[in-house]
Amino acid sequence: MDIRTAQKLAWENKLAKGFNTTDTAMEFGLLTAEVGEAFTAWRKRLPDIGEELADVFLYLVAVAEMNDIDLGEEVARKIDKNTHRIYERDVHGTLIRTSEE
């Protein structure tokens, strides 16, 4: 399933079930909580890490939908942008972006 289709289906489910569809700040808060749950699942090696990551995605696409953003298009644009960036390691071994071609 592509990102845009998943975004629309997740949004339709929120509408059908009566979940938040207007309060972006609250949705960001819920997204943050889901990231925490995913981290905990990873840290404790719980079997539901995939489900927790799916929850993160669902809240993320809800924020995108609330702000009329096609997340699929934005992800494609960002990946293209990142492929043209050049990085080099500094004296401490940290990657530093040195240019955007």
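Helices (H or I, at least four residues) and strands (E, at least two) are DSSP runs, numbered from the N terminus. The model is predicted: local features need pLDDT of at least 70, side-chain atom pairs count only at pLDDT 80 or more, and totals for chains, interfaces and linings use all residues. Residues are numbered from 1 along each chain as its sequence is written, and side-chain values use heavy atoms, with hydrogens and water left out.

**Exercise 1. Loop residues with positive phi**

Task: State where Asp-68 and Arg-45 lie, and determine whether each is buried or exposed.

Solution.
Step 1. Asp-68 is located in the loop between H3 and H4, while Arg-45 belongs to the loop between H2 and H3.
Step 2. The cut-offs for accessibility are as follows: buried means under 20% relative accessible area, exposed over 50%, and partly exposed in between (1.4 Å probe, protein chains only).
Step 3. With a relative accessibility of 73%, Asp-68 is exposed; Arg-45, at 74%, is exposed.
Step 4. Most residues other than glycine have a negative phi. Asp-68, although not a glycine, has a positive phi of about 55°. Arg-45 is not a glycine either, and its phi is positive at about 55°.

**Exercise 2. Salt bridges**

Task: State how many salt bridges the structure holds, and describe the pairs formed by Arg-4, Glu-74 and Glu-100.

Solution.
Step 1. A salt bridge requires a side-chain nitrogen of Lys or Arg within 4 Å of a carboxyl oxygen of Asp or Glu. The structure holds seven salt bridges.
Step 2. Arg-4 pairs with Asp-70, with 3.6 Å between the closest N and O atoms. This pair links distant parts of the chain, 66 residues apart: Arg-4 is in helix H1 (residues 3-17), and Asp-70 is in the loop between helix H3 (49-66) and helix H4 (71-83). Arg-4 is partly exposed, at a relative accessible area of 26%.
Step 3. A network of salt bridges links Arg-4, Lys-8, Glu-65 and Asp-70.
Step 4. Glu-74 pairs with Arg-77, the closest N and O atoms lying 3.0 Å apart. Both residues are in helix H4, three residues apart, or about one turn of the helix. An α-helix has 3.6 residues a turn, so residues three or four places apart point the same way. Both partners are partly exposed, Glu-74 with a relative accessible area of 33% and Arg-77 with 48%.
Step 5. Glu-100 and Arg-85 form a salt bridge through their side chains, at 3.5 Å from N to O. Glu-100 is in strand E2 (residues 95-100) and Arg-85 in strand E1 (residues 85-89), so the pair ties together parts 15 residues apart in sequence. Glu-100 is partly exposed at 45%, whereas Arg-85 is buried at 13%.

**Exercise 3. Buried sides of two helices**

Task: Compare the span of H1 with the expected value, do likewise for H2, and identify the buried residues of each helix.

Solution.
Step 1. The expected span of a helix is 1.5 Å times one less than its number of residues.
Step 2. H1 has 15 residues and reaches 21 Å from its first C-alpha to its last, close to the expected 21 Å.
Step 3. The buried residues of H1 are Ala-6, Gln-7, Ala-10, Trp-11 and Lys-14. They cover an arc of only 130° around the axis, which puts them on the same side of H1. The arc is that of the directions from the helix axis to the C-beta atoms.
Step 4. H2 has 20 residues, which should span 28 Å, and its end C-alpha atoms are 28 Å apart, in agreement.
Step 5. The buried residues of H2 are Glu-27, Leu-31, Glu-34, Ala-38 and Ala-41. They cover an arc of only 80° around the axis, which puts them on the same side of H2. On the other side of H2, Ala-25 and Thr-32 are exposed.

**Exercise 4. Ala-64**

Task: Locate Ala-64 and give its separation from Glu-74.

Solution.
Step 1. Ala-64 lies in helix H3 and is buried, with a relative accessible area of 5%.
Step 2. Ala-64 and Glu-74 are ten residues apart in sequence, and their C-alpha atoms are 9.9 Å apart in space.
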